[in-house]
Amino acid sequence: MGRTLSKSRFQKGLQCEKALWLGVHRKDLAAPPDEVQQWIFDQGHEVGLLARELFPGGAEVSEDYMHQADALETTKRLLAEGATILYEAAFEFGGAFTRADIMVAAGDGLWDLYEVKSSNSLKDVHVTDAAVQSYAIEGAGLNLRTINVVHLDPAYIYAGGAYDTRALFAVENITDEAREFMRTVPETIERLQAVLEGPEPEVLIGTRCSKPYPCEYAEYCHAFLPCEHPVTQLPRLSEPQLHRLIDAGLTCILDIPPDFGGFTAPQRETIAAVQAGEPRVDARALASALGGLEWPVYHLDFETVMPALPLWAGTHSYQTIPFQYSVHVHREDGTTEHREFLHVGTADPRRPLAEKMIADLGETGSIVHYTSFERTRIDELTAALPDLAPALAAIRSRLFDLEPLIMRYTRHPKAAGRSSVKYTLPAWCPDLSYEGLPIADGQTASVRYLRILKGVAGEDEAQATLSALAEYCALDTYAMVRLLEEMMKQAAG
Ligand code: SF4
């Protein structure tokens, strides 16, 4: 009889046997969740509690994960007392231990299981998750009539006030799919139990390291790669390509021999740039593309939030809402002027943001952005604020995306094939860096702002966040000024 696997360990084992083994034997190697991951967990918890309103008045098994035996006892007691709705009921059977989000008696001794997920849609991983739950529940003696996943429904448009939970959540009956997978659960548990009894499994890094969830052992498992120019930096490297390189003992781009084939054109160009040790630029094509710019150039960058539970009337779950922008006005003589907007308060930021942005972006000159993110946000603002549609359409017609130019016409050894401004900036403008900033990436910016909106941040934290956001967003557009200047220099040859 092997170790009992919790539902999360079972799921971890499906993702990667090595991750399961490390989670049991070398937990010390796990990276602690960062503030973004912690926020996602907390948000999931909030969604889970709200979903209980679909089935109110249930009895909760409140013992935490440290007290499994007590949770099993409480579940038994509540069932014996005739409870008909249970939250967090605990079951153990055949080497599996699970907690069921919501169980509802369906009559004739049958039950309906509802697993709550904070996503906007049903995912494959939810089926395996519900299947192992159901395996433990039925093995423990309860019969399930239906197996369901409850997730947020992006079709629900929040009207303000209390949520209409019947519309906020979608319930998907996955009984057939879960029962199909359930048949494989006993042998999977046996296999995973055997893994845990053995030595650390040898598993190659690959897509499993980030899918379906980012693995907390990534740093440990990727430590064999060189710090500079690891092969994983090659653009769009597939798992078979990665494994072929590793099997050939090639971990550094510098070591890839010229006759090692099977690369795409962008990958070959990246290898050539890294091995040459200097940037490669198609100056003529770059100059021609930059010739489409009209001065003055306005560099634009948004910061956004995507709250799981909609915060403002007219929005839906995980809708991307801009709350801040930075604009650097860049004149042909090289002078710049900074303009910005950062919404303060808990009201919907879109209208004040859009109105000030329309004023700040003037009427002529290209609006430079990096990736299609800003264009999509402007389209969404247009849909949400129809009276501003003509002004926003005028803005849209002036947009100029810098990223495709950098991707198409340049290769820098330090950025390798990566086009994110976080890589291209230090490569082309090494004196500029996000290092040391209290907020240095968009996800952290979003989570810190959400902490203010949700009232989690105290006054001091809120003030510190607002000033860190201003600093971060301003650097984003200043970086674009510098990148454009560098591209113009490169285009001039
Ligand atoms: S980093 Fe990748 S290989 Fe390592 S344990 Fe995690 S999923 Fe497995």
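Reply: Happy to! Two residues are in contact here if their C-beta atoms, placed from the backbone, lie within 7 Å. By that rule, in this predicted model, 70% of the protein chain's contacts with a separation of 6 or more are between residues 24 or more positions apart.

Let's look at L152 with that in mind. This residue belongs to strand β6, which covers residues 143-152. Is L152 buried or exposed? L152 counts as buried because 24 C-beta neighbours lie inside 10 Å, and the cut-off for being buried is 20 or more. Which residues does L152 touch, once neighbours within four places in sequence are set aside? Its contacts are V47, S118, S119, N120, L168, F169, A308 and S317.

Now step back to the whole. The protein chain has 493 residues, and 34% of them are buried. It contains 19 helices and 14 strands, and its C-alpha atoms fill a box of roughly 80 × 60 × 40 Å along the principal axes.

There is also a ligand to visit. Around it are C16, K18, A19, L22, V203, I205, R208, C209, C215, Y217, A218 and C221. By class, this shell has 10 nonpolar and 2 charged residues, with no polar ones. Helices α2 (17-25) and α9 (218-221) each supply at least two residues of the shell, and α2 gives the most, with 3.

Technical notes. Residues are numbered from 1 along each chain as its sequence is written. This is a predicted model: local features need pLDDT of at least 70, side-chain atom pairs count only at pLDDT 80 or more; totals for chains, interfaces and linings use all residues. Helices (H or I, at least four residues) and strands (E, at least two) are DSSP runs, numbered from the N terminus. A residue is buried if 20 or more other C-beta atoms lie within 10 Å of its own, exposed if 12 or fewer, and partly exposed in between; C-beta atoms are placed from the backbone. A residue is near a molecule or strand if its C-beta atom, placed from the backbone, lies within 6 Å of it. Ala, Val, Leu, Ile, Met, Phe, Trp, Tyr, Cys and Pro count as nonpolar, Asp, Glu, Lys and Arg as charged, and the others, Gly among them, as polar.
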